[in-house]
Amino acid sequence: MKKQFIKVVLSCLVVAGSFTSCKKSSSSSKNVSRATGWKINAKEGGFQYNTDFKEQATAPGLVFVEGGTFTKGKVQDDVMHDWNNTPSQQHVQSFYMDETEVTNVMYLEYLDYLKSVYPPENPKYANIYKGALPDTLVWRNRLGFNETMTNNYLRHPAYAEYPVVGVNWIQAVQFAKWRTDRVNEAMLEKEGYLSQDAKYKAATGEVEGTFSTEAYLNRPESVYNGQIDSLQGKQKKDSVSAFAKRSSGIIMPEYRLPTETEWEYAAAALQGTREYNNYRGRKKYPWEGDYTRNGQRVGRGDQLANFKQGKGDYGGIAGWSDDGADITAEVKSYKPNDLGLYDMAGNVAEWVSDVYRPIVDDEISDFNYYRGNIYMKTAIGEDGKVNILRDSIVYDTLPNGKIVAVNLPGEIKMVPVGDEETYLRTNFSSSDNRGYRDGDPGSSRFFDRFSDEEDEDGRSMYNSPKHNVERDSLGRVVRQYDTSNNRTTLINDEVRVFKGGSWRDRAYWLDPAQRRYLPQYMATDYIGFRCAMSRVGSKSKTKNKTVRGKKVR
């Protein structure tokens with residue numbers, strides 16, 4: 001009897017074990033859901049997801065920057081006594097950054113595209129191309145002969161690989177948006193979601209309309225002015241995945257301006273050394289040492305950056321000891337920092353995305369610190385679908401009278417988030433957070449006790465001039481200059497930070513922690529920019545690395 005009982009138990013255990021084994025092998029398959037047991041990416045339909053995704057690819061022109069901690073705002077010298085660089089410990093999430101500054105030839109590609117797709121001779125599009133043009137008049141000096149740069153610097157092939165200048169902050173942001181769409185258009189073509197050379201057909205006018213990344217993700221049928229059916233690639237054969245989605249893992253995150261924190265972290269490049277002083281913010285320049293000349297055996301005495309060395313001295317005495325440039329220099333003329341980034345000191349200063357404030361509130365955020373958040377959402381039409389700007393163009397008239405297109409045909413209309421998104425939230429309470437905890441009366445606990453007319457009594461810390469520009473019924477620009485004597489500062493929500501020294505600056509400004517500001521509508525002959533891109537997924541590139549004692553391949 002006992003033997004029969006043992007046999008029955010053993011047979012049950014074998015059956016149970018085989019069932020458990022089958023269940024385990026089934027659920028461990030990457031194309032079987034661990035939540036429901038259903039198939040993923042089944043030909044019959046159902047849930048579609050990229051289960052083969054490994055990690056984000058490095059987009060064109062970018063270098064990977066692994067995130068970490070550093071001391072932001074730690075300057076070695078403060079002869080200006082700005083008191084706007086209180087050191088704070090910050091952590092930066094991993095991201096990507098342009099290897100070099102955006103060059104003239106890169107920006108000319110952008111201008112050529114706009115001119116092809118939106119011909120300026122068409123009155124409807126006239127201000128699109130014109131608004132994107134760099135201000136070449138920034139080279140002029142009342143008592144200096146600089147007309148050669150005024151006429152040649154942007155377009156002459158001799159300056160092709162020199163950093164673009166004369167671009168204001170708004171234009172730099174628009175370039176980054178355009179670059180995002182062009183890169184994703186190429187990625188979709190490469191993966192078969194768009195037909196071969198589809199991107200060129202739009203650029204040459206063979207197909208009306210253009211490609212917008214966000215429009216494609218939200219309403220793919222609207223792309224290319226509704227003509228995407230004729231431009232779909234081999235993926236169209238599979239009705240399940242005719243269009244790529246964010247879950248496909250193909251769409252790149254947007255190109256954008258780096259935050260001030262990202263830029264300073266990347267310029268300091270602390271990964272190249274683990275010395276205690278550098279970790280605590282004692283590294284003065286993007287390279288090792290406290291001097292601007294090369295101390296190594298090879299190239300000893302050469303300048304490590306392009307900057308102004310003294311009064312009337314923009315490069316040194318001609319010959320081996322100078323810095324090789326009198327104005328800007330061709331990108332990659334100097335050694336990169338330990339991250340492989342070129343010209344993070346000197347050549348041109350660079351726009352970053354932050355709104356300037358002398359106060360850095362690390363008490364509220366020590367992770368990816370950034371001032372400038374304006375939360376937006378897609379506008380929904382009466383039909384319940386995302387609102388696409390078909391034929392309309394959204395322009396912004398800047399205080400200096402320049403008109404810049406901020407939304408082009410085919411793009412999604414965006415609106416600020418409202419009460420539905422902010423009600424009873426603890427992490428944000430309004431769409432515009434540029435002035436949050438910045439020392440203004442609105443940052444205080446009892447801000448509502450202050451009068452609306454803060455300008456009259458001077459209680460507003462950021463009481464800046466308010467110039468007004470508008471157009472009359474005939475299209476003429478009407479400028480109203482603020483002549484008030486009660487203004488106390490030039491700081492407002494349209495003033496942006498720029499970082500790094502330039503060919504016009506002394507070595508003092510080469511320190512990555514130094515910061516300056518300028519209205520976002522202004523341009524100069526010494527400020528350029530480079531783009532960044534967020535990294536999604538893992539903090540580090542895990543190929544052939546050891547993570548927690550295990551080798552990851």
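Trainee: Is threonine 210 buried or exposed?
Mentor: Threonine 210 is buried, its relative accessible area being 11%. The term buried stands for under 20% relative accessible area, exposed for over 50%, and partly exposed for what lies in between (1.4 Å probe, protein chains only).

Trainee: What kind of model is this?
Mentor: It is a predicted model, in which local features need pLDDT of at least 70 and side-chain atom pairs count only at pLDDT 80 or more, while totals for chains, interfaces and linings use all residues. Residues are numbered from 1 along each chain as its sequence is written, and side-chain values use heavy atoms, with hydrogens and water left out.

Trainee: Where is the place of threonine 210?
Mentor: Threonine 210 is in the loop between α6 (198-203) and α7 (213-218). Helices (H or I, at least four residues) and strands (E, at least two) are DSSP runs, numbered from the N terminus.

Trainee: And which residues is threonine 210 in contact with?
Mentor: Leaving aside neighbours within four places in sequence, threonine 210 is in contact with Tyr113, Val117, Tyr118, Val223, Tyr224 and Pro409. Contact here means heavy atoms within 4.5 Å.

Trainee: Turning to the cores, how many residues has the largest nonpolar core?
Mentor: The largest nonpolar core has 72 residues, and those with the most contacts inside it are Tyr107, Leu188, Tyr224 and Phe529. The largest share of this core, nine residues, comes from α5. A nonpolar core is a set of buried Ala, Val, Leu, Ile, Met, Phe, Trp, Tyr and Cys residues joined through side-chain atoms within 4.5 Å.

Trainee: What does tyrosine 107 touch?
Mentor: Not counting residues up to four places away in sequence, tyrosine 107 touches Val102, Ala132, Pro134, Val164, Val167, Gln171, Phe175 and Phe529. There is also a second, separate core of 22 residues, which includes Val63, Val65, Leu270 and Val352.

Trainee: New topic: how many salt bridges are there?
Mentor: The count comes to 26 salt bridges. A salt bridge is a side-chain nitrogen of Lys or Arg within 4 Å of a carboxyl oxygen of Asp or Glu.

Trainee: Which residue does arginine 182 meet in a salt bridge?
Mentor: The side chain of arginine 182 meets that of glutamate 185, at 3.0 Å from N to O. Because the two residues are three apart in helix α5 (residues 169-190), about one helical turn separates them. Arginine 182 is buried at 14% relative accessible area, and glutamate 185 is buried at 1%.

Trainee: What about arginine 530: with which residue does it form a salt bridge?
Mentor: Arginine 530 forms a salt bridge with glutamate 350, the closest N and O atoms being 2.8 Å apart. Arginine 530 lies in the loop between β14 and β15 and glutamate 350 in strand β5, so the pair ties together parts that are 180 residues apart in sequence. Both arginine 530 and glutamate 350 are buried.

Trainee: Which strand does β2 join through bridges?
Mentor: β2 is joined to strand β3 (residues 88-92) by five bridges, and the two run antiparallel. Lysine 72 stands opposite serine 88 in β3. Four of the five residues of strand β2 (residues 68-72) are buried, so this strand is largely enclosed by the rest of the structure.

Trainee: Last one: where does methionine 533 lie?
Mentor: Methionine 533 lies in strand β15 (residues 532-534) and counts as buried at 0% relative accessibility. Methionine 533 is 357 residues from alanine 176 in sequence, and the two are 9.9 Å apart in space, C-alpha to C-alpha. Beyond residues up to four places away in sequence, methionine 533 touches several others, among them Gln56, Phe95, Met252 and Arg256.

Key. Two strands pair if DSSP finds at least two bridges between them.
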